[in-house]
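The following exercises are meant to be worked through with the sequence and the structure side by side.

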Amino acid sequence: MNVQRGSMAVETVILTPIFVLLLVFISYASRVVDTQHELNRAADVAARAASQARSTSMTSRGMETASSSMRKNQSHCLGFVAEVSRRSVTGIMHVEVRTTCRVNVLGLSLLGVRSPTLTGTSTEVIDVYRHP
């Protein structure tokens with residue numbers, strides 16, 4: 001007599017939810033990593049653009065460039081904010097761009113996680129040979 005009759009169906013019923021949760025978690029992790037990469041990229045591009053701009057338009061140019069970079073990449077960001085600041089370190093002027101947003105976790109409610117807030121930062125030396 002075969003005592004293992006129906007065991008494959010039971011194994012499938014038990015393992016299917018685990019595999020679904022694993023796939024949802026992989027999707028969540030990739031969304032977080034992708035958003036962090038996009039934030040760092042936006043901060044890098046914005047800091048470079050701001051370092052080459054005139055001192056009067058440095059802040060606005062950095063913020064516009066960061067926002068444009070995030071829009072182009074269609075990232076999973078909610079509430080994107082870019083902050084541009086200037087500072088002097090041992091007489092050398094630097095511009096720092098800090099980008100912040102919350103990750104959109106729409107469609108990943110099976111995990112029951114809240115939307116994490118991520119930050120990207122980049123610093124560039126202000127180009128002294130830029131046009132005045």
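**Exercise 1.** In which helix is Arg 31 found? Work out its surroundings as well.

*Solution.* Keep in mind from the start that this is a predicted model. Arg 31 belongs to helix 1, which runs over residues 7–52 and has 46 residues. From its first C-alpha to its last, helix 1 reaches 68 Å, close to the 68 Å expected at 1.5 Å a residue. The next step concerns charge: Arg 31 is buried yet has no salt bridge, and the nearest side chain of opposite charge, that of Asp 34, is 7.7 Å away, whereas a salt bridge calls for a side-chain nitrogen within 4 Å of a carboxyl oxygen. Once the neighbours within four places in sequence are left aside, Arg 31 is in contact with His 76, Val 103, Asn 104, Val 105, Leu 106 and Leu 108.

**Exercise 2.** Which residues does the disulfide join, and what is its handedness?

*Solution.* Begin with the cut-off, which asks for two cysteine sulfur atoms within 2.5 Å; by this rule the count comes to one disulfide. The disulfide joins Cys 77 to Cys 101, with an S to S distance of 1.9 Å. Because the torsion about the S-S bond of Cys 77 and Cys 101 is about -60°, the disulfide is left-handed. Cys 77 lies in strand 1 (residues 77–89) and Cys 101 in strand 2 (residues 92–103), so the pair ties together parts that are 24 residues apart in sequence. As for solvent, Cys 101 has a relative accessible area of 1% and is therefore buried.

**Exercise 3.** Where is Thr 90 found, and is Thr 90 buried or exposed?

*Solution.* Thr 90 sits in the loop between strand 1 and strand 2. With a relative accessible area of 76%, Thr 90 is exposed. Its backbone deserves a separate step: most residues other than glycine have a negative phi. Thr 90, although it is not a glycine, has a positive phi of about 50°.

**Exercise 4.** Which residues is Thr 65 in contact with, leaving aside its neighbours within four places in sequence?

*Solution.* First place the residue: Thr 65 is found in helix 2, residues 58–72. Its relative accessibility is 18%, so Thr 65 counts as buried, the cut-off being under 20%. With those sequence neighbours set aside, the contacts of Thr 65 are Val 45, Ala 46 and Ala 49.

Methods: Residues numbered from 1 in each chain as written. Predicted model: local features only at pLDDT ≥ 70, side-chain atom pairs only at ≥ 80, totals over all residues. Heavy atoms only, no water. Helix = DSSP H or I, 4+ residues; strand = E, 2+ residues; numbered from the N terminus. Buried < 20%, exposed > 50% of the residue type's maximum accessible area, 1.4 Å probe, protein only. Expected span 1.5 Å × (residues − 1). Lys, Arg positive; Asp, Glu negative; His and termini not counted. Contact = heavy atoms within 4.5 Å.
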